[in-house]
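Here's a quick tour of a protein model, written for someone who likes cut-offs spelled out. Have a look at the structure first.

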Amino acid sequence: DRLIQLADELFDKVPPISFNISSYDLKPDISYIPNPTQYDESYLDSLLSDLDNSNSNPAIYMSIAGYYDKTNQTALANSNYQKAYENLNEKLFQDDVAAYYSLRALLKNILGKPDALEDLKKSLAINPNDSLAIQIYPNLLMLDNEFNKANKMLSDALEKGSGNMLFPYM
């Protein structure tokens with residue numbers, strides 16, 4: 001009897017299924033997902049201290065610009081985005097050149113500079129799964145009235161999936 005029971009378990013036709021759903025999966029759009037960063041004076045002080053240690057790091061300038069964006073200080077945000085753009089260097093991205101082109105495209109778009117789409121094409125040619133490029137490219141295509149290309153890009157990204165929590169909100 002025990003042997004038959006074990007054999008039955010081997011060929012069980014109803015596999016156990018479990019779901020891992022968080023409360024974030026149930027949000028209607030990305031704006032409902034809380035940002036853990038507190039945009040207060042201590043956060044800015046921390047960024048400025050980091051900048052003292054490395055005044056050419058584009059990531060720090062991007063974070064400072066993000067702080068000023070969140071606190072509605074547009075001129076200071078743009079000034080720091082410009083500094084991030086000026087300090088962006090491909091050598092900083094030796095292991096991920098696609099990320100360099102994606103970030104440069106993002107900064108170009110924010111600053112109103114031309115050729116952001118070209119940088120995104122380069123990024124996706126290097127790494128078709130670059131998450132930043134996949135998120136930015138369709139938006140810029142739509143701004144350029146390339147709705148069919150944007151639709152295809154988004155559909156392909158959603159079909160492939162990537163584990164990127166932002167994809168369902170694209």
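## Ground rules

This is a predicted model, so to speak with caveats attached: local features need pLDDT of at least 70, side-chain atom pairs count only at pLDDT 80 or more, and totals for chains, interfaces and linings use all residues. Numbering starts from 1 along each chain as its sequence is written, and side-chain values use heavy atoms, with hydrogens and water left out.

## Overall fold

The protein has eight helices and zero strands, taken as DSSP runs numbered from the N terminus (helices: H or I, at least four residues; strands: E, at least two). Read along the sequence, that gives α-α-α-α-α-α-α-α.

Of the 170 residues, 29% count as buried; buried means under 20% relative accessible area, exposed over 50%, and partly exposed in between (1.4 Å probe, protein chains only). Among contacts with a separation of 6 or more, 41% come from residues 24 or more positions apart, where contact means heavy atoms within 4.5 Å.

## Two nonpolar cores

A nonpolar core here is a set of buried Ala, Val, Leu, Ile, Met, Phe, Trp, Tyr and Cys residues joined through side-chain atoms within 4.5 Å. The largest one holds 20 residues, and Ile64 and Leu107 touch the most other members. Helices H2 (41–53), H3 (58–70), H4 (74–87) and H5 (97–111) each supply at least two residues of this core, with H3 giving the most, seven residues.

Which residues does Leu107 touch, not counting residues up to four places away in sequence? They are Met62, Tyr81, Ala84, Tyr85 and Leu88. Apart from this core lies another, of 14 residues, among them Ala116, Leu124, Leu140 and Ala150.

## H6 against H7

H6 and helix H7 (residues 131–143) pack at an angle of about 145 degrees, their axes 10 Å apart. Axes are lines fitted to C-alpha atoms, for helices over the stretch in contact, and angles run from 0 to 180 degrees between N-to-C directions.

On the H6 side, Ala116, Leu117, Leu120, Lys121, Ser123 and Leu124 meet Ala133, Ile134, Ile136, Tyr137, Leu140 and Leu141 of H7. By class, this contact has ten nonpolar, one polar and one charged residues (Ala, Val, Leu, Ile, Met, Phe, Trp, Tyr, Cys and Pro count as nonpolar, Asp, Glu, Lys and Arg as charged, and the others, Gly among them, as polar).

## Salt bridges

Side chains of opposite charge can pair when their charged atoms come close. With a salt bridge defined as a side-chain nitrogen of Lys or Arg within 4 Å of a carboxyl oxygen of Asp or Glu, the whole structure has four. In one of them, Lys108 pairs with Asp119, the closest N and O atoms being 3.1 Å apart. That pair links distant parts of the chain, with Lys108 in helix H5 and Asp119 in helix H6 (residues 116–126), eleven residues apart. Lys108 is buried at 7% relative accessible area, and Asp119 is buried too, at 2%.

Glu118 and Lys121 form another bridge, at 3.5 Å between the closest N and O atoms. Because they sit three residues apart in helix H6, about one helical turn separates Glu118 from Lys121. Glu118 is partly exposed at 40%, and so is Lys121, at 41%. Glu146 and Lys149 also meet in a salt bridge (4.0 Å, N to O); Glu146 is partly exposed at 29%, as is Lys149 at 47%. Finally, bridges that share partners join Arg104, Lys108 and Asp119 into one network.
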